[in-house]
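Welcome to this short tour.

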Amino acid sequence: MTLKLYNTLSRRLETLEPIEPGVVRLYTCGPTVYDTAHIGNFRTFIFEDLLKRYLKYSGLKVRHVMNVTDVDDRTIERAAEEGQTLAELTGRYCAQFQQDLSALNILPADHLPRATEFIPQMVAGIQTLIDQGQAYTTDDGSVYFNISSYPEYGRLARLNPEQMVVGERVAADDYAKEEPRDFALWKGYKPSDRDSRWPAPWGEGRPGWHIECSIMSTHFLGEQLDIHCGGVDNIFPHHENELAQSRCLHAGPFVNLWLHSEHLIVDGRKMSKSLGNFYILPDLLEKGFSPEAVRYTLLSTHYRKKLNFTFDRLQESQQAINRLRELARRLEEVPAGHKGMAPAVPDAAVAAALDDDLNIAGALGAIFAWAHELFGLLDRERLSGASAGEGLAALGRYDEILGVVFFSPSTLDEEVTALIAEREAARQNEDWARADEIREQLQQRGILLEDTSTGTIWKRG
Ligand code: AMP
Ligand code: ZN
C-alpha cells in the first residue's frame, strides 16, 4: 500500500509513512458540544471515518483520539441561555453526539476525551510556555500566546506576515484569518463564566479552545502524530494555534500530515448553525431518510471538494445502497455448485483509487461497474457458484470501508422486522386486510416490501 494524502501544511500530496511501522496515530478534532451536531459536522467526521476504515482495510492499526470540546465560549454562552450548568448542557449534547455517531456507523475512537478532564495538564503546558517566555499574563488573569515568539506562525494557514500585529490580542476562541493576533491560552474568570472556573497559578479561569487539543493529542498519542484532521474552517485559527503551541512545547514537527475536509454547503453557503441552513440527523430520520443514505451522501464525494446537500442526493444514495443490497441478496441465491463465468473482483482498482488521496468516487465507480457485470451474469444465470461466493466476500470487504450495505440501525430494524413478521402471520391466516395495512403503514415511513421466493425483504423507497 502506498497511500498518498494531501498535506495542508506543504500543499502537496505526500506518502503516509507511519512513525511506528504498521501503526497510525490519528487525532481528529471532535465536536463542540453546545448543541446537536449538524450533518455538515458529520461530513468531516465521516471523511475521517473513511480514512480510518481504509487504513484498517489496508492492514494498519489505527490509534484514534477524538476530543470533545466541552468548555469554550459557545458552551458557556449556551449553558447560561438555557439556565443549566456547563456539565448538564455538555453531558446532554455529548450523549446525543454518541448516538448520532453510532447511527451513522462511524467507528468509535479509542479515546474520546473531554476537555474539562484535562485542565491540570493544560495549566502545566501553559506554565511551560510562560516559563519559556512565549506566553504572558494580563491584568485580568488571562494568559496569551505571543505569536512573534514563534517564527513559523502562519505557515499552516499561509497568513500574510504583514497582517500580524505584534502585541495586539484577541480574546475570542474563533476569529478571522485577517486578524492574526496573540491568542488566549487561558481566560481569567468573569462572572459570565458562571460555574466554568478552574484554579491556576496566575488566577482562576478556563482554558482557551486551542490549548485543549495540543494537550489531549500528546497525552494519548505522544509528541508526534501521523495524521491530524478537521474541517477546512479548523485551519485558522484552531490548527494554526495548536501547531504553534505544540511546536513550542515539544521538539519535532508535531504532525506529519494535516488533512482538512471541505464543507457541506447549502445553496452555495457553508452549512452552519449561525446561518440557520442546517439539518441534524434526527430531523432527516424523522423525514424517512435512512442513516445509511445520509452516510453515503456525505461519504461519496471526494473530501477536498465542496458537497452540495439536497434531498434528491439522499434519495440517489438510497438507490445506490439498495442496488448493492440487491446484489448481495442475488449472490446469496446462486447455488454453490452452479457452473458459469468467473469475473474478476475489483480489489486492485478500489485500492488504487483510495491510495490516491482517498478517491472514493473512483472506488465506487469500480465497485458499481463490477456490480453491473455481475447483475448481467445473474440475469442470464451465467455466474458460477464459486464466483458468487467470492463476490459476496468482496462486497463484505468493500463494505468494511463504506459501512452502508450490511448495516442498518437496530432500533428501526427491530420495529420493521416485527411488523414484517406480523404481516407474514396475517398472510398465513389469509388476513389480507391486515397484511395490506402493514404494507401501507411501512410505505408511509418510506419502507417498501417485496415478497420474494425466500421471504419478504424490505428496502427504502
Ligand atoms: P465544531 O463542533 O463547530 O467544532 O465543528 C466540528 C467539526 O465540523 C470541525 O472539524 C469543523 O471543521 C466541521 N464542520 C463545521 N461545519 C462544517 C460543514 N458545513 N461541512 C463540513 N464540516 C464542517
Ligand atoms: Zn481541535
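How far is an N or O atom in the side chain of Asp-233 from an oxygen atom of ligand 1? Select both and you will find a separation of 2.4 Å; a polar contact here is a pair of N or O atoms within 3.5 Å.

Before going on, note that this is a predicted model, in which local features need pLDDT of at least 70, side-chain atom pairs count only at pLDDT 80 or more, and totals for chains, interfaces and linings use all residues. Residues are numbered from 1 along each chain as its sequence is written, chains are lettered from A and ligands numbered from 1 in the order in which they are written, and side-chain values use heavy atoms, with hydrogens and water left out.

**Stop 1: around ligand 1**

Then show Asn-41: one of its polar side-chain atoms lies 3.0 Å from an oxygen atom of the ligand. The protein covers 95% of the 500 Å² of accessible area that ligand 1 has on its own (Shrake-Rupley method, 1.4 Å probe).

Now display the whole shell of 18 residues, where Gly-40, Thr-44, Asp-233, Asn-234 and Leu-264 come nearest (near means a heavy atom within 4 Å). It divides into 4 nonpolar, 10 polar and 4 charged residues, with Gly counted as polar. Color helix H1 (39-57) and strand S10 (225-231), each of which supplies at least two shell residues. The largest share, 4 residues, comes from H1. Helices are DSSP runs of H or I with at least four residues, and strands are runs of E with at least two.

**Stop 2: the zinc ion**

Select ligand 2, a zinc ion coordinated at 2.0 to 2.2 Å by Cys-29 (SG), Cys-213 (SG) and His-238 (NE2). Cys-29, in the loop between strand S3 (23-28) and H1, and Cys-213, in helix H5 (residues 209-221), are 184 residues apart. Donors are N, O and S atoms within 2.8 Å of the metal (3.2 Å for Na, K and Ca), and sites may look incomplete because water is not among the atoms.

**Stop 3: two backbone details**

Zoom to Phe-236 and Pro-237, joined by a cis peptide bond with omega near 0°. Pro-237 is found in helix H6 (residues 235-249). Finish at Arg-11, in the loop between strand S1 (4-7) and strand S2 (12-15), where phi is near 55°.

Notes
Polar contact = N/O pair within 3.5 Å; in protein donor to acceptor, adjacent residues only side chain to side chain.
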